[in-house]
Each structure stands twice: as C-alpha cells, then as structure tokens.
Amino acid sequence: MADTPDADHYDVVVLGGAFSGSSLGLLLIRERPDLRILIIEKSTKFDRKVGESTSEVAGCFLTRILGLSNHLAGRHFQKHGLRLWFNEEGNECPNRCSEIGPFAQARFPTYQLDREILDQYLLDQSAKEGCEVVRPATIKSFELDGVDKNTVTYKQDGVTRTVTAKWVADCSGKAALIARKRGTLKTLDSHPVHSMWVRFRNVRCLDSNEARTMAPSLQDGPFVPRGCATNHLMGHGWWCWIIPLSNGDFSAGITWDERLFTPPSDGQVGQRLKEHLLSHPIGKLMFEDAEPIENDARSYKYLPYYSSEVCGDGWISMGDSAGFMDPLYSQGLDYCAHATYSSHRIILSSLSGECVKERVSKHDKQYRQSYQRWYKSLYHNKYQYIGDSELMRAAFLMDLATYFMGPVQLVYKYTDKEFSQMPYFGFFGGLFAKFMSFYNRRLEVVARKRLRNGTYARNNLDHSYFLRKSFEGSPLAAGHLFRGVRTWIKLEIQNAFTRPAPDFAEAVAQADSMRESSSDMVSKAEMPPTETTPSASETVLGTAK
C-alpha cells in the first residue's frame, strides 16, 4: 500500500467478515464507491455455522437488497416452510406422529443455507466490489473515541498494524467484541435455553422411496416435499431441528429449557444428539443409520443474550454481536438484516456530513425495545407448551399470521423504510407485540392446566394439521390468524375449570420450601435423609404423559 498520510485511515473498519460484516461492506460500497472500508476477518476459512434456515424477511434481504437470487438458486436449498412433528411416550410408529405444516409450496423465497458457502461468497463479493479485506487477522485492541477518532490494532502474518477509522462496526458474531469491552453483554436469564448441534451424513430423507416404504403415511398428505422443509421434532421443554444442506448433509440440533428437560449427557455431542433423535419415531426413521461428521459439532449454554447498548459515537454493533434470542422460527437472519441495513443508513448519513446523534440514540432504543418485544411475544416460557400439538397449532397459526401481516408485508412493500428500522418498534408494533405476548402467556397457562388434568399432548398421535392455503404478506393472512384465535379460545374453554400447575417462579418457591422443611426434619431427627429432594420440575411442574 502506498505510504501516504491517509494510508492507515479508513471511513469504516468492520470487525468480522461473515454475513453481517460482508453485507454491511457491500451495502456501503455500492452506494459510495469512494469509501475506504476495511474488513478484518479472523478465520482462514469459514465454518458451517447454524443459522442455515431463513425465514421470509431474511429472504427479502438476500434477494431484493443483496441481489443473491442466482447464487442462492445454484448453491443452496430451496426451503418449503416449517414442519412440526409430535409424539407421545410409548409410540414408536412414525405413521402415527401428529404433523403441522404447509400443504403447498411457499409463496416467498426462503432457503436452507450452507453458511460456509454463503459467507465466503459475500466476503469475496465485498472485496471484488471495492472493500479491503485482511484475513486471517487477529484484533489486538481498539479504542472507540468518537467519529474520526477510533483506532483499531490488528495482527496479520506476524505484523501488527494500527489504523484509524471514522466508524467501527462490530460484526464479530458471538465474540461481541465491543459489548464485551464495554461490559454491556447480558444473558437473558428468564429464558434459560441451551443448544447443541451436529452435521450428519447418510440421513434418510423423508421423501425418499425407502422412507415412504417404511412409513406409508408419508406417501400421502401435502403436495410440497416434506424433506425440503425445516423439520422440527417437538417435545415438552425441547425441540430438534432437521435441515437439509445442498451437499447432501443434514444439520440437526436440539434446543431445550433447563427448567423442563435434560438431554442425554454421556458421550460426544454427536452421540448424545443422535441418542435423543432416535427416541422420536421421525428422528429414528431419518437418523438410525446416520453418522455425525467429525469436528462439525457445537454446543452452547445459555443461548440468548443481548447488549444493553448497541451503538454510540462512531461505533455500532449488529448481527450476533448485538444479541441473539432463540432459533425456533429461524429468524436470526431477520434481525441481522434489519440491524445491518439500518446501521449502513446511519453510517452513510454520518459520512455525508450529517449529525446523526439523535439517529444513533433512536437506533439504540429501537434495538433494545424490539428485542424485548420480540422475545416476550414469541418465546417467553414457550417451551412449556411446544410439546402439545393443539397448543402449538394455535401458536403456529397466530405467530406466523402476525409475522406475515406485519414484518413480511412491510419489508416487501416498503423495503428501504422498513429495513431502516427494527421490527415491532413504534405504536403499531407495540400493539402487535402486546397481543402476541398476551396469547403466548395464555397458551402457557393452558399448558399448565393440561399438565395438571392429564390432557397435555393428548392429540400428539394420529392428527394432521395441514395449511391448505399458504401464508401471504398481506391482510389475507388474517384468515390464518382467526383460525389460530379460534383454536386458542376452544382450548381456553376446554380447560376453563382446571387450576393450572404452578408456574416456574411458584415451582422454585415450593421446591425451596420443601428443601427447608426437609432440612428441619433432618435436624430434629439428627439423621441424614434417605431420599434426595426432587427438583422443582419433578415436584410441581409435572411431566407430560
């Protein structure tokens, strides 16, 4: 590089070159080819991250904003919706598992991504279109001193270099470099879920002749291929994803709420996950001969987290470096898309000489409010009822209908405006969030009632709930919403006179009380207990039958 006074000064330095970092670089350089953008990527080669399944908002970003339709069609898998499979203890027949899913092809582009391929393609494109990429390089330190005063020091091939930047963008993923440095990274304590996942080879596809011979019920049903969907196996306190990849491998994983469920704990991650998959008839049908791919497994404790501050004077965080919630509905890239696009708008305005202090403050508020609204609307205590097919049918219809009537419709109709702000922000976003939070709370209460009266998961066998009409990004999705509300009200009426089992807070309080009573009894008798005190979930939350 030429030895000039400006050689070590950049308009934007991006920490991380995967999806969010490369997308940000592309958005900036396409609108301002004169900008000097440095992307620093630590890895020599991208790995196959989870986040393979996209939903409709991310599909819009990938196609309409980034223009990746041809790449996605040629290198990745067309996704055909979300499909849920339920079971009842004691059943080993896949033909009997209840099923929720679409009957026909989806109306909007969604994909099963190989993130190794996609991230590399985006990084290559950013370099091709004018960004400077250094890789592999390690961030040694950085100082956020304000617009045009930031410094970043990195090391590449044994050489340490310090550069200055008008803006620093943190796209470092779960490393969350800025949040950790500023001490703003928080765990979402009210949602204690963990996850582990593996890629498998030699998986039997649900649409294969072999699978349909072994489970004849698969020969009937929807017009759309089941194997192209994101298939979920559902249970009380846990769910598994099964995602096909373009090279023939499958991504599979489990996410569970520690208050309700504990997965197998002995052996390697691949062995533990396969053991659990085989406990479900659909999982056994697909994975009985499957082999986990060596060195392609991950596990995370306390999956959800967020930063209490996502932007400031001359810096901004986006993607997983700002937060992550829950993978159930495959909306992680939705959040990346909104945050990345809105960040690039703020940065461009600043680089054009505008004062963006108020916009930075607004974006920081939007992100935090949107995160909490989305979480409370969709995921708070949801794992209590995800193992019941009737409750999940109501949630499936209402959750997706509100998603299509809100975020999906808006990003397709008002692409620039909607991606420039976070979802569920503002007055109308707040109304949607309140409605969704209310029915989510009520479904959780109904689940506890059904646990108490023994009807939880009673229709997990021999029922199919197919959506004959696809969701649309328009008010027409209200038809699905009304059907979901009707199912919800019916469940409320059926369980109106049942007292619910204790909620999580009550369960913990009762368990603590039982332990104290047990300790008092031991003290009086001056002898050790003969039995251990059951856990809170074993004692008062009950188990699905």
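Which strands does helix H7 (residues 269-277) lie across? In this predicted model, helix H7 lies across strand E12 (193-201), strand E13 (230-235), strand E14 (238-244), strand E15 (250-257) and E16. Its direction makes an angle of about 95 degrees with E12.

**The eight-stranded sheet**

The strands named above belong to an open sheet of eight strands, ordered E16-E12-E15-E14-E13-E4-E5-E21, with mixed pairing. At its edges are strand E16 (291-300) and strand E21 (464-467), each of which pairs on one side only. From one strand to the next, the twist averages 15 degrees. Within this order, strand E4 (residues 82-85) and strand E5 (residues 99-102) run antiparallel and are joined by two bridges. Tryptophan 85 has glutamate 99, in E5, as its bridge partner.

**The three-stranded sheet**

Another open sheet consists of three strands in the order E11-E17-E20, and its pairing is antiparallel. Strand E11 (185-187) and strand E20 (323-324) form the edges, each pairing on one side only. Three bridges connect E11 with strand E17 (residues 305-307) in the antiparallel sense. Leucine 185 is placed opposite serine 307 of E17. Helix H10 (residues 357-378) lies across E17 and E20, and its direction is at about 160 degrees to that of E17.

| Strand pair | Sense | Bridges |
|---|---|---|
| E4 (residues 82-85) and E5 (residues 99-102) | antiparallel | two |
| E11 and E17 (residues 305-307) | antiparallel | three |

In general, the strands of a sheet pair through backbone hydrogen bonds, in either a parallel or an antiparallel manner.

**A mostly covered helix**

Helix H2 (residues 56-65) is mostly covered, with nine of its ten residues buried. The buried residues of H2 are Glu56, Val57, Ala58, Gly59, Cys60, Phe61, Leu62, Thr63 and Ile65.

**A nonpolar surface patch**

On the surface, Phe427, Phe428 and Leu431 make up a nonpolar patch whose accessible area together is about 380 Å². Leucine 431 is located in helix H13 (residues 426-453). Is leucine 431 buried, partly exposed or exposed? Leucine 431 counts as partly exposed because its relative accessibility is 42%, and this class lies between the cut-offs of under 20% for buried and over 50% for exposed.

Note on methods
Residues numbered from 1 in each chain as written. Predicted model: local features only at pLDDT ≥ 70, side-chain atom pairs only at ≥ 80, totals over all residues. Heavy atoms only, no water. Patch = residues over 30% accessible without salt bridge, like charges linked within 9 Å, V, L, I, M, F, W, Y side chains within 5 Å. Areas by Shrake-Rupley, 256 points an atom, 1.4 Å probe, with all protein chains shown as cover. Salt bridge = Lys/Arg side-chain N within 4 Å of Asp/Glu carboxyl O. Helix = DSSP H or I, 4+ residues; strand = E, 2+ residues; numbered from the N terminus. Buried < 20%, exposed > 50% of the residue type's maximum accessible area, 1.4 Å probe, protein only. Pairing = 2+ DSSP bridges. Axes fitted to C-alpha atoms, helices over the stretch in contact; angles between N-to-C directions. Contact = heavy atoms within 4.5 Å.
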